[in-house]
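Hi,

Here is the structure I promised to pass on. Have a look at it first, and my notes follow below.

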Amino acid sequence: MHTRTRRTSLSLLSFALALSLAPSAQATDAQAPEGPRALPGSLMLIPAPAKVDRIDGTGYTVTAGTPVRAQGDAARRVATQFATLLRDSGGPAVTVAGGRGKDGIGFVLDATLKTGAEGYQLRSDARGVTVQAATEAGLFYGAATLSQLLTGGSDGKLPALRIDDAPRFSWRGLMLDSARHFQSLDEIKQVLDAMAEQKLNTFHWHLTDDQGWRMEIKRYPKLTGIGSCRIPAGDGGRDPVTGAERPYCGFYTQDQIREVIAYAAARHIQVIPEIDVPGHATAAIAAYPELGTIETPLKPLSEWGVFPNLFNTEDSTFTFLENVLEEVIALFPAKYVHVGGDEAVKDQWEASARVQARMRELGAGDEMEMQSHIIKRLETFLEKHDRRLIGWDEILEGGLPPEATVMSWRGTEGGLKAASEGHDVVMSPVTDMYMDYLQTNSPNEPPGRPATIPLARVYGFEPVPDALARDKQHHILGLQANMFTEHTRSYARLQHNLFPRLAAVAETGWSPRERRDYADFLARLPAQLQRYQAMGIAYAQTPFQVELDSTDDRATGTATLALRTPLGYDIHYSVDGSAVTAQSPRYTAPLQQPLPVALQAATFFNGQALAKAASRFDITAASLLSRTDEHLAQCPGEGQLLLRLEDDGPADGERAIFNVDIFNPCWLWKDADVDGIATLRVRAGQIPYYFQLAHDEPNRRFAPKRSAHGEMDILGGQCDGKPLASVPLPAAPGADGFITLEAALPRSFKGTQSLCVRFTGDTRPTMWVLDEITLLPR
């Protein structure tokens, strides 16, 4: 069990994020060309409407006594939803009165209007507000806009205006992975509420994977009886008192799935199920071993990455998949069924004599054609049941069924190719739309994947490639954010990852391209944060917190403090212990301060603090001699895979988090002042190595060990050559999960130097991770 107390940040050096999975995802919000500023006539709406006209005259103020009127069942449903959304977003608690009237708020459903399938019109003047649309979905989106106009700091005051609005794309989606980590129905419903409030209309539900099968299939009860449970790695999988295994389990009954579908449908959100084939199948094969291609028994594992286990190619397995899809189709009314198709490593097929024989029987020239055969057969089955197949862009390889839709995740190239060939496409590239990637370089980020996808990057994504011919652009149905949950153990982390980035996805999906403006979006975002707070959504604090770069002069006992914030909002600060307010000094240039100094800083917009608490930095002469792993870079070299990993224990409660390059466990303190330093003290922990990386595994490099359990090496410069010092590693950490080692530095090592710390040897199934480095003076 690992426990540690995190020290206050003192120098938020950007840890180097290797981009082996998403080499182009390096944009940061600091690169945004402009800070927050509202466009003329902007309203605090997200997403921005297609067309807004301010009109002459007095506006209208909505209070709890304002009547809400609607005629007909559909319009009354929307009016009731509006009242609930308005109250839950921080607005007044209005009452639906029904009937006709000349004042107040009116919702009108009129099929003769030319507003389209999801469009609406909104009109406000001194007499009241009218929202009208040709469809119930359009009327609902008009209600969502009106709710936003009356909340987020507006105090219910509405200007006189006309809004004519409709979405740019028909697919505005979010994928939620419930296979790796499980969410309760209430948690999913809150996500659906947040989606609906910002006009997202597709919930892609990732229900099966190697780590768990989460959907009840009555014909195959072992899928959930066996496939929905796994044992977490390390201490997290053991009872801390008895030592007994503590399984991680969870699945949705068919009645619960119907409940989610109905809840989403009431908010005009379609629910797309995903049953992954032929890869990501370990949980299913563990439940029914005859579905696999190897004799070795399998079980769902708490490991992440790409597993080699594929469904076999027998007719009996096709029958199984079709039987599963029959129950899926009976449950889910949506037109689309997602069949995965991604990351299907073909090693087991290549090694299986029976699979090779089947390929010859079916005329498949290689394994990709074999996968294509499976996809085409499932597509034919779904078409017979009035459904359409959608899959990740790997389904392009080996030939694509004519009616298949492609979800392009490995960049936009697959989507461009598919649309050029006449296939419908949803854009969800890993470089821009993956919400499990870190959103800032802050040490306060939760565990996540090895690149930053900041708000600016999400907002700047354009779903329609410039290279796509104009007559093919209609095949781009829209975009989707993907929330995989390997590292998202709690609902709090899920909310952190989704919000506010999902607001940027919503605006890209809805608003016309020419209406999108990042600086204006940032000016509207603080109002949305107020709505999130009222809705009980724990949005990420890190984009709104202040970060610090510190350079010190130990000889004079001073430090130069440079402040920054990821989104460019104003920073106010104090160094005298006083609370930070909008009246505190505004930061404009680096501060030079004598030590010690207690710096507090916070971001503001229009006098409103944007984070729950000010960032605090206690900087002393002693603190400048230490760096935690968050404050270090990774050692240079090719083939890096940096992850932000959570410890394996305690079984319950908060755990330590480490930045580590799992391909080369080596940490770099750039430009350390080592004058007068005699010794380097390192505190390190040990966590499980819980990764399956398929063909990427050979990239994992181990510096050869020279003693029984390996060494901690201290190197200088570029982290290569002969170590400056080495200390043997023990067989295991101490009772608290950590070790503390000290290495003497050569007397000739002086001045400003780079220091590298690496651990040698292949220690799997565990790995050493650095917690803190401290320089000890002579």
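Residues 1-28 keep a pLDDT under 50 (pLDDT is the predictor's confidence in each residue, from 0 to 100), and the model has 117 contacts beyond four places in sequence for this stretch; contact means heavy atoms within 4.5 Å. Over the chain the average pLDDT is 92, and 95% of the residues score at least 70.

Some housekeeping: this is a predicted model, in which local features need pLDDT of at least 70 and side-chain atom pairs count only at pLDDT 80 or more, while totals for chains, interfaces and linings use all residues. Residues are numbered from 1 along each chain as its sequence is written, and side-chain values use heavy atoms, with hydrogens and water left out.

Now to helix α10, residues 367-384 (helices, H or I, of at least four residues and strands, E, of at least two are DSSP runs, numbered from the N terminus). Its 18 residues reach 26 Å from first C-alpha to last, close to the 26 Å expected at 1.5 Å a residue; that expected span is 1.5 Å times one less than the number of residues. Just after the helix, aspartate 386 has a positive phi of about 60°.

The buried residues of α10 include Met370, Ile374, Ile375, Leu378, Phe381 and Leu382 (buried is under 20% relative accessible area, exposed over 50%, partly exposed in between, with a 1.4 Å probe and protein chains only). The partners that the buried residues of α10 pack against include α7 (315-331), β19 (388-392) and strand β16 (270-277).

Glutamine 270 lies in β16 and is partly exposed, with a relative accessible area of 26%. Its side chain makes a polar contact of 3.0 Å with that of threonine 202 (a pair of N or O atoms within 3.5 Å; within protein, one must be able to donate a hydrogen and the other to accept it, and residues adjacent in sequence count only if both atoms are side-chain atoms). Asparagine 201 is 69 residues from glutamine 270 along the chain, with 6.2 Å between their C-alpha atoms.

Glutamine 545, between α15 (518-535) and β25 (547-553), counts as buried because its relative accessibility is 17%, and its side chain has a polar contact of 3.2 Å with the side chain of asparagine 444. Proline 447, between β22 (437-438) and β23 (449-452), counts as buried at 3%; its contacts beyond four places in sequence include His487, Arg644 and Ile657.

Best wishes
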